[in-house]
Structure formats: structure tokens, C-alpha cells
Amino acid sequence: MIFKFSVPIILSYLLQQIYTISDAAICGQTLGVDDIAGVNDVFPILFIFLQFAVGCTAGFSVITSIAAGRGDQARVRRSFAAQLVLGGVLSLALTGVAVLTLKPLLRFIGLSEANPGVWRAAYQYSLVIFLGIFAQLYYNLICSVLRSLGDSTTPLIFLLFSTVLNIGLDLLFIITFRWGVAGAAVATVTAQLVSTLACFAYAFAKYPELRLHREDWRITRWDLRRHIVQGIPLGLQFLCSPLVSS
């Protein structure tokens, strides 16, 4: 049973690497040298914010899994509602910090306006990705909730869908529309957003315990605190683990 549940999760991590590689490969074949350099240089910055968001949503879902294990559907709905609220707050906070500190962060990793081609590519790509943080955060949120309910296969299916859609949109926005690095970033955010909306629609249709009622939105400070205590440490762990291993 554990093996059956864990295999889709392992495959999801592998597919996520393919997602990144395919995106980089398309950019490498279609964009200029400065554009490629700018996109490649900003991955450490993107990693800081995106991995923290992924870890937080995984931590939030621990509370959902406890309620699901007890068969307490009211608690499952309350936890889901709390996650939706915290997801919005976290998205706004991360987006605000990322956008406001983007130029200093680019300088910190060694980029300079003295090389305008690379600087422009790095700035444009990062800005679009940061403005779309909410799409990836809510995608990982709903996937984590589904896993907490015992469904690890659906997130894999929607990740596969997102990967294929991202490749198609990359080709459309970069080659046909000639949007350059901004097109690559828009393709990534759009693919994630479409996949997120589809995954939410599936979750609401498949799992009645996720269909929120008015009373489920009466979230207390205790509800929020329980999720934050689980989410923030795991977000920091996701952020720091590659640094430790390196």
C-alpha cells in the first residue's frame, strides 16, 4: 500500500525535472545567447521563493491528513479553507518581496545593467514568474491536499498535463508570437494556472469533503496557527536542503 502510494510521488519529482529540462531545451534552441544566459542565471533566485512556497503547502496538508485519518470531514473542510486563506496571504507576501527585491537580487548573483541583454532577459523572466507565484503555490496546495486524502495519482496526471501544455505554449509564445524570454515565463505560468484550475475542479467533483460550506470559512487563530507551525518549518527545510547537500 505504501509502495503504491509513493510511486506516483516519486514519478512526479522525476517529471518535474523533465518539465524544467524541456523548458530549458526549448529556450536554448529558440532564444539568443543573452536570453539563455539571463534565464539560466536566475534559477537560484526563483528556487528560493518557489521552493519555500512548495514546502509550506506540503506542511499545511499535514493538518488535513490528520483530519482525514480520523474521518472528520468537518475538520478536513476547515483545514482546506484555512489553506486557501494562507495560500493567498503567502502568495501576496512572496510576490511582493520578490518583485521589490528583484533588482538587488540580480545584482547579488553578479548580473549588471552594464550587460543590458542578459539583464533584460533575467529581469523579464523573473518578473513574470514572480507575478505568477500564486499559480504554482495553489497547484502544489491542491496536490498536497489530494495526497493527504490518499490520492497520489491525480497530481501526477495533472503534472503530466501541465508539462505537455507548457511545451506547446513555449513553442507558441516564443516561435509564433516572438515574445522571447517573457513568452517562456508566460507559458510556464499559464500552464501551471490551467492545471491548477483543472485540478481544483476535479477535486471538488471527486471529493465531497472538499466542498466548502459557509461555516467552514469561520477560521480561528488556532486553525491558522496549527497550519503555520507545520508549514513554515517545512518551507524552510525545502529551501535549505539543496544548500546543505551541496
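Which residues in helix 3 meet Tyr125, Ser126, Ile129 and Phe130 in helix 6? To find out, select helix 3 (residues 43-69) and helix 6 (residues 116-131); helices here are DSSP runs (H or I, at least four residues), numbered from the N terminus. The residues on the helix 3 side are Ile45, Leu46, Phe49 and Leu50, where contact means heavy atoms within 4.5 Å.

This is a predicted model, in which local features need pLDDT of at least 70 and side-chain atom pairs count only at pLDDT 80 or more, while totals for chains, interfaces and linings use all residues. Residues are numbered from 1 along each chain as its sequence is written, and side-chain values use heavy atoms, with hydrogens and water left out.

Keep both helices selected and view their axes, which are lines fitted to C-alpha atoms over the stretch in contact, with angles running from 0 to 180 degrees between N-to-C directions. The axes of helix 3 and helix 6 are 11 Å apart, at an angle of about 5°. Helix 3 is therefore roughly parallel to helix 6 (angles under 35 degrees count as such).

Next, select Phe80. Setting aside residues up to four places away in sequence, Phe80 touches Leu141, Ile142, Val145, Phe200, Phe204, Leu210 and Leu212.

Finally, display the largest nonpolar core, which has 56 residues. Such a core is a set of buried (under 20% relative accessible area, 1.4 Å probe, protein chains only) Ala, Val, Leu, Ile, Met, Phe, Trp, Tyr and Cys residues joined through side-chain atoms within 4.5 Å. Phe80, Leu106, Tyr125, Phe130, Leu141 and Leu210 touch the most other members. Helix 7 gives the largest share of this core, 10 residues.

Terms used
Helices (H or I, at least four residues) and strands (E, at least two) are DSSP runs, numbered from the N terminus. Angles under 35 degrees count as roughly parallel, over 145 as roughly antiparallel, 65 to 115 as roughly perpendicular and the rest as oblique. Buried means under 20% relative accessible area, exposed over 50%, partly exposed in between (1.4 Å probe, protein chains only).
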